[in-house]
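Hello,

Here is the model I promised to pass on to you. Please have a look at it first, and then read my notes below.

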Amino acid sequence: MDRSQTSRPQAPRSSRRRFLGGAAGLALTAAAPAALAQTPSASPAASGWSFTDDKGVTATLAETPVRIAADINAAAPLCDMGIRPVAVFGWNATDTGDFGAAGGRIDPNAVEVVGNATTPLEVEKLVAVQPDLIVTLTWAPDDPQDYWSIDPKILEQARKVAPIVAISATQRADMAVERFHELALSIDPDAAASEPAEDKAAYEDASARLQALTAEKNDIAFSFIWAGQDVLYVAVPEAWGDLALFQHLGVRIISPESPSMVFWDELSWEQALKYPSDVVMNSWRSDIEDDALKDLPTFAQHPAIKAGQIGPWNQDFIMSYKGLAESMESVITALEPAEKVIG
């Protein structure tokens with residue numbers, strides 16, 4: 001998120017600077033999310049390969065791509081779908097192989113790291129791994145310069161190395177999963193078909209349980225936040241793929257009125273009680289961890305904080321069946337014991 005307007009702060013817990021510059025979408029100025037009707041185009045290796053991404057750009061190759069370089073946020077769902085990139089980059093990439101909550105099933109010993117939180121993509125390292133295809137996300141599908149973790153200054157250099165495919169992170173999360181499935185199947189139908197059946201079963205089970213629970217407890221209101229030392233960000237649910245999915249499944253999420261950004265409403269700690277809720281879901285990227293929220297003079301008076309109704313939010317939700325199942329389980333775990341604490 002190297003734009004003070006996207007929406008995915010840091011890898012472990014970090015500074016506000018890292019928050020505004022690291023990992024998948026604080027796109028505070030990016031276009032608002034919309035369900036995309038773009039139809040992909042993919043063809044077998046015998047007649048060449050092509051895929052139309054969520055920007056409407058068609059990547060073409062003489063043969064089906066084998067060597068793939070991917071942003072961590074794109075590599076994780078691909079790995080869940082049987083496609084193993086040879087290189088990774090992005091705000092969540094570290095040379096130690098600690099990719100945080102964004103990493104999923106990526107094997108750090110099986111990939112080259114060609115970018116990190118400081119320099120998300122290094123062209124020289126990218127050239128060295130000789131990828132056939134580059135895969136990343138976009139938080140602003142209509143912006144021709146918006147490719148997650150690829151600085152616009154090096155975009156054309158990266159394109160000269162390999163075609164780039166971007167999947168929208170602003171469409172509802174289940175739709176993003178389907179787009180990753182389409183991409184995976186176009187690359188290797190056999191590998192993609194080997195995606196663990198238990199992953200989809202877990203996703204369907206979590207979805208059904210969350211819907212049933214929200215029908216029972218439809219008065220419980222959630223807010224999703226990122227907490228910094230001098231600032232509080234409250235997420236705009238309609239702008240986030242995972243939160244939009246939760247809403248679709250019946251979760252009641254407080255939506256900021258006239259937010260200061262596309263993805264967030266930015267508040268000072270003096271304004272921290274502006275959006276009362278029954279449950280607060282705190283980003284894993286927050287500078288302030290869950291247990292410490294109650295020590296903040298103003299926020300300690302927030303109804304959910306006073307009630308101890310706090311849960312973890314993975315801003316880097318993985319766009320696969322496994323990833324979404326895990327994200328839904330976090331909401332279920334927070335919702336099951338939650339009691340109504342706001343009027």
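How many cavities of 30 Å³ or more does the count come to? The count comes to two, where a cavity is a set of points on a 1 Å grid over the protein atoms alone at which a 1.4 Å probe fits but cannot get out. Volumes are the space filled by probe spheres set on the points, with grid points joined across faces, edges and corners.

Before the details, two notes on the source. This is a predicted model, in which local features need pLDDT of at least 70 and side-chain atom pairs count only at pLDDT 80 or more, while totals for chains, interfaces and linings use all residues. Residues are numbered from 1 along each chain as its sequence is written, and side-chain values use heavy atoms, leaving out hydrogens and water.

The largest cavity holds about 50 Å³ of space. Its lining (residues with an atom within 4 Å of a point) consists of S223, I225, L232, V234, L267, Q271, A272, K274, Y275, F299 and H302. Two or more of these residues come from each of β8 (221–227) and β9 (232–235); strands here are DSSP runs of E with at least two residues, helices are runs of H or I with at least four, and both are numbered from the N terminus. Seven of the lining residues are nonpolar, three polar and one charged, with Ala, Val, Leu, Ile, Met, Phe, Trp, Tyr, Cys and Pro counted as nonpolar, Asp, Glu, Lys and Arg as charged, and the others, Gly among them, as polar.

The second largest cavity has about 40 Å³ of space, and D242, F246, P312, W313, N314, F317, S327 and S330 line it. Here α8 (241–248), β13 (310–313) and α11 (321–335) each give two or more residues to the lining. By class, that lining has four nonpolar, three polar and one charged residues.

Do also look at D54, in the loop between β1 (49–52) and β2 (58–61). D54 counts as buried because its relative accessibility is 5%, buried being under 20% with a 1.4 Å probe and protein chains only. A polar atom of the D54 side chain lies 2.7 Å from the backbone nitrogen of S168. The side chain of Q171 is also a partner of the D54 side chain, through a polar contact of 2.8 Å (N or O atoms within 3.5 Å, one able to donate a hydrogen and the other to accept it; residues adjacent in sequence count only if both atoms are side-chain atoms).

As for the whole protein, there are 11 helices and 13 strands, and 57% of its 343 residues count as buried.

Best wishes

Methods
Buried < 20%, exposed > 50% of the residue type's maximum accessible area, 1.4 Å probe, protein only. 1 Å grid on protein atoms, 1.4 Å probe; cavity = no way out; pocket = protein on both sides within 12 Å on 5 of 7 lines; lining within 4 Å.
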